[in-house]
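Here's a quick briefing on one model, covering its aromatic contacts and one of its sheets. Have the structure open while you read.

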Amino acid sequence: MAQQERKNRILDGYIPHDECGVFGVYSNGGLHAASVCRDGLYALQHRGQESCGIAVSDMGVIDGRKGMGLVGEVFREIPADLDGQIAISHVRYSTAGKSVVENAQPLIMRYLKGRFAVAHNGNLVNAEEIREELAQGGAMFHTTIDSEVIAHLIARERVKAPNIEQAVIHTMHRLRGAYSLLVMSPTKLIAARDPLGFRPLVLGRLGDSWIVASETCALDTIGAEFIRDIEPGEVVRIDAHGVQSFRDNCTGKRRICIFEYIYFARPDSVLDGVEAHASRVMAGRLLARQYPVEADVVIGVPDSGLDAALGLSRESGIPFEMGFVRNNYVGRTFIKPNQSERKKSVNIKLNALAQSVAGKRVIMVDDSIVRGTTSANIVYALKQAGAREVHVRISSPTIHNPCYFGTDIPTREELTSNHHTVDELCKLIGADSLGFLKAESLGELIGEGGAPEKTFCDACFTGDYPIACKG
């Protein structure tokens, strides 16, 4: 990332982002695959707003469209020639690789045996090592993203393997890190999830057709039936003969990113059998137990803090109120050159409801504090609206470590919790008290309190990386 961009992000508040979302369709008749993909991407838009794309296979001929912007901007209408029986699609937020159209997905690759397309959610920790090896062997790269590294490996394996699914299985032996992957050949849709299952991936059915998506909310949007989660390490092939599973790379272990439950996934999604909404409500209940305080009202910062605020209210008995009106037509990042302008930007995005907070002791719930500037501006806005006290509760632990698996968390130097104690941070943001969810209670969010072995990744909080990482 360019130095000036990092400086700009330091100036303003910062929200962790997941890299992207994937959605695929294998139609057995009656579905316009590209249109279904577009509808599925609408439901996954929260996972990436920088670019999107759709690739289709029409009677074995692969083609695609992609562009910068939101789904509704790039695909106001589905082009007439974007027709086919199989389709894969993607929404992207860049954590690795520049935000340019060349890095938009799906990628369509030409190789010795024809064409295939790839869409990928996650980051590899050994991508640069493999890229250098491939480049030394003569491979040419047109993007700066991990997905092209994966595609090159699949192409090389496919030359030796009897079919595309075996090429994917063999490729997985080389990859270290996070990948929920869709691969489309002229006649097949392949789905694969890394052996630790860092990112979610689900299988659904719509009539006689099959759907693969990052989250169950995308299945709900198109009226599809949820069949099951794709298991960590599993490869699923969908073709004219139906669905077949390959578990060569399944280890029985599971380390899904805990931030999927805290923030990334849509509240109405179910991840590996656990409802995201229920996890966030539990986080609020835990905050109420861990940091009791006398207050008059509980509010959540839209949208990510609302579920946890509801849980805190239920546990404490303190009434829940809507404390903010959010302007949904303003982008997530709002960089301004000075403090007064940054405070003004909070009012543009979030308008505090004076009738809910004026004269009251307020508990404000949010999902994380990365640098602290946004939280300070929101506390300031609440006090300007007349709040007597503002007690901030965060439904995640303090963040101390970067993520190497597809969550855009900054360097250790940029993380405010590495420079300030909680008491110091409380003063910096202007709160009357501050409490973060205790790291040892994270398992309770997914019903695993006291389990002998974690089934989730919490490395950004604890430094317990399930895969060795440089940095």
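Two strands count as paired if DSSP finds at least two bridges between them. With that in hand, the model, which is a predicted one, shows an open sheet of four strands in the order β17-β20-β21-β22, with parallel pairing. There are also seven aromatic pairs in the structure, and a few of them get a closer look below.

**The sheet**

- β17 (297–300) and β22 (433–436) are the edge strands; each has a single partner strand, so one side of each is left without a neighbour in the sheet.
- Going from one strand to the next, the twist averages 20 degrees.
- β20 (residues 361–366) and β21 (residues 389–394) run parallel and are joined over six bridges.
- If you want one spot to check by eye, look at isoleucine 363, whose bridge partner in β21 is histidine 391.

**Helices on the sheet**

- Helix α9 (residues 276–290) packs on the sheet and touches β20, β21 and β22. The direction of α9 makes about 125 degrees with that of β22.
- Helix α14 (residues 422–429) packs on the sheet too, touching β21 and β22. For α14, the angle to the direction of β22 is about 125 degrees.

**Aromatic pairs**

- What does it take to describe a ring pair?
- Buried or exposed? Phenylalanine 259 comes out as buried, with 1% relative accessibility, and phenylalanine 461 counts as buried at 6%.
- Tyrosine 263 and phenylalanine 264 make an edge-to-face pair, because their planes are at 70 degrees, with the ring centres 5.7 Å apart.
- Tyrosine 263 is buried at 11% relative accessibility, and phenylalanine 264 is buried at 4%; the cut-off for buried is under 20%.

**A cluster and a charge over a ring**

- Phe198, Tyr404, Phe405 and Tyr465 are linked into a cluster by ring pairs.
- Which residue lies over the face of phenylalanine 141? It's arginine 131, at 4.5 Å from the ring centre.

Note on methods. Residues numbered from 1 in each chain as written. Predicted model: local features only at pLDDT ≥ 70, side-chain atom pairs only at ≥ 80, totals over all residues. Heavy atoms only, no water. Phe/Tyr/Trp six-rings, centres within 6.5 Å; stacked < 30°, edge-to-face > 60°. Buried < 20%, exposed > 50% of the residue type's maximum accessible area, 1.4 Å probe, protein only. Lys NZ or Arg CZ within 6 Å of the ring centre and 35° of its normal. Helix = DSSP H or I, 4+ residues; strand = E, 2+ residues; numbered from the N terminus. Axes fitted to C-alpha atoms, helices over the stretch in contact; angles between N-to-C directions. Contact = heavy atoms within 4.5 Å.
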